[in-house]
Amino acid sequence: MRIAVIGTGYVGLVTGTCFAETGNQVICVDIDQEKLAKLRAGTVTIYEPGLEVLFERNIKEQRLSFTDNLRQAVEHAQIIFLALPTPPQEDGSADLQYVLRVATDLAPLLNGYKVIVNKSTVPVGTADRVREAIAPLAQHAFDVVSNPEFLREGAAVEDFMKPERVVVGTRSARARALMEELYKPFVMSGNPIIFMDERSSELTKYAANSFLATKISFMNEVAQLCERVGADVDQVRRGIGTDSRIGKRFIFAGVGYGGSCFPKDVKALNYTAHEHNYQFRILESVLEVNRVQKDLLVSKVDAFFQHNLKGKRLALWGLAFKPNTDDIREAPALAIAADLIAAGAHITAFDPVAMPLVQRYHPELPITYAPGMYEATAGADALLIVTEWNEFRTPDFERLQTQLSHKALFDGRNIYEPDQVAGYGLYYASIGRAFIDGRS
Ligand code: NAD
């Protein structure tokens with residue numbers, strides 16, 4: 001099939017590449033010339049495991065190309081995907097300006113029947129708004145479909161190629177048939193394509209992300225209680241996670257959720273509820289719990305140094321909002337670094353892939369960037385772990401014990417066993433577990 005993908009960011013690039021991988025002819029559009037130049041030169045613009053191989057193969061096979069020419073892409077395509085940003089506005093609502101502008105721009109370019117698919121996460125009613133934006137300017141028939149994306153950054157290719165489900169919101173039989181044909185190769189193992197109306201589909205995406213954020217916030221509250229009653233949140237997690245009604249995933253306590261999706265999607269759904277005079281009490285609590293949770297690690301560090309962080313040298317492992325991605329949008333590490341810096345500490349950070357992005361987009365943070373994890377800890381007073389990259393999981397604790405002058409480790413992801421760390425003569429604080437002081 002002939003596909004256009006408008007917006008070549010985390011979702012658009014994966015979507016375009018994976019559709020090309022199943023034999024479709026894909027043209028990706030972006031307005032960011034720097035990004036386009038890299039893509040055209042054969043460079044993948046995001047860190048996403050497994051993407052490069054597919055990207056290179058499909059460019060070589062001439063199934064995948066990149067342009068800033070919207071007309072060329074629209075005229076080429078039977079199905080046009082919108083993978084555009086929907087960032088949060090001041091009031092929490094999703095900003096639809098990118099989606100609606102592209103809808104208006106592409107409308108007069110339609111040269112036959114096309115399906116326009118919203119892959120961006122968009123509020124309920126957006127398919128109708130896109131339809132209303134296109135209709136007065138279009139010379140040809142079209143359908144607007146909602147097809148929210150559920151890929152996880154860090155596992156995006158795997159998730160896209162083998163989705164647990166594909167959700168398609170449309171009441172048009174013609175659009176449904178095309179979407180079914182396009183997605184057939186991705187659901188060969190029997191996972192469903194779930195068809196529904198546009199509004200239900202739009203709400204499904206927000207409900208999914210908000211539910212997952214709720215699981216995280218719930219566990220973070222359990223962690224807060226564990227610290228007060230002398231229980232261990234990881235033992236509680238194991239105790240409840242084996243119950244299939246609860247499930248093992250998304251019940252890890254930590255420094256609060258971040259990333260480009262959960263924070264904005266929870267806020268946007270909460271906004272939608274308010275707009276319709278409904279107080280979504282659980283979501284309000286999720287937002288509040290996450291706000292508080294972000295401060296927890298910093299307050300542990302602050303207490304350890306007796307509320308005097310001035311001049312303290314702190315090493316920070318992990319900047320990306322989660323492992324296996326370079327995405328730093330709403331990354332807890334940024335808020336933690338900013339708070340520590342504001343209190344007078346010096347931060348030396350290491351992240352396997354995200355350092356250049358923090359350097360570029362957060363010049364306001366005077367962070368020193370280290371070439372490796374032990375270069376970050378050399379000469380530091382204490383270490384904070386904020387992103388649970390695999391390479392941080394079995395560190396050389398003996399080396400850390402000699403490097404860290406205060407011999408203290410603050411683990412925002414509970415990746416170590418407290419007794420083990422203390423056994424190396426370190427002070428160890430984590431989330432929802434008692435601190436343990438192994439220093440003699
Ligand atoms: P992104 O910021 O990485 O990418 C958006 C791209 O659109 C950018 O490259 C930007 O230059 C481009 N763009 C902006 N205006 C344009 C225009 N007029 N014409 C062409 N290109 C234009 O965003 P993303 O993370 O890929 O997210 C896109 C959407 O998908 C959002 O609604 C997001 O909520 C949703 N989503 C994201 C994820 C994720 O993990 N990142 C997962 C599911 C859904």
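This is a predicted model: local features need pLDDT of at least 70, side-chain atom pairs count only at pLDDT 80 or more; totals for chains, interfaces and linings use all residues.
At roughly what angle do the axes of helix 12 and helix 13 cross?

**View A. Crossing of helix 12 and helix 13.** The axes of helix 12 (residues 281-304) and helix 13 (residues 332-342) cross at roughly 35° and come within 9 Å. The crossing of these two helices is right-handed. Helix 12 contributes Lys 294, Asp 295, Leu 297, Val 298 and Val 301 to the contact, while helix 13 contributes Ile 336, Asp 339 and Leu 340. By class, the residues of this contact comprise 5 nonpolar and 3 charged, with no polar residue.

**View B. Residues surrounding the ligand.** The ligand is surrounded by 27 residues, of which Asp 30, Lys 35, Thr 86, Glu 153 and Lys 264 are the closest. The shell around the ligand consists of 12 nonpolar, 7 polar and 8 charged residues.

View C. A polar side-chain atom of Lys 264 is placed 2.5 Å from an oxygen atom of the ligand. From the backbone, an N or O atom of Val 11 lies 2.8 Å from a ligand oxygen atom, and an N or O atom of Thr 121 lies 2.9 Å from a ligand oxygen atom. The ligand taken alone exposes 830 Å², of which the protein buries 90%. Helix 1 (10-21) and helix 5 (97-106) are the elements that give two or more residues to the shell around the ligand.

Notes: Residues are numbered from 1 along each chain as its sequence is written. Side-chain values use heavy atoms; hydrogens and water are left out. A residue is near a molecule or strand if one of its heavy atoms lies within 4 Å of it. A polar contact is a pair of N or O atoms within 3.5 Å; within protein, one must be able to donate a hydrogen and the other to accept it, and residues adjacent in sequence count only if both atoms are side-chain atoms. Accessible areas come from the Shrake-Rupley method with a 1.4 Å probe; for residues, only the protein chains shown count as cover. Helices (H or I, at least four residues) and strands (E, at least two) are DSSP runs, numbered from the N terminus. Ala, Val, Leu, Ile, Met, Phe, Trp, Tyr, Cys and Pro count as nonpolar, Asp, Glu, Lys and Arg as charged, and the others, Gly among them, as polar. Axes are lines fitted to C-alpha atoms, for helices over the stretch in contact, and angles run from 0 to 180 degrees between N-to-C directions. A crossing is left-handed if the near helix is turned anticlockwise from the far one by less than a right angle, and right-handed if clockwise. Contact means heavy atoms within 4.5 Å.
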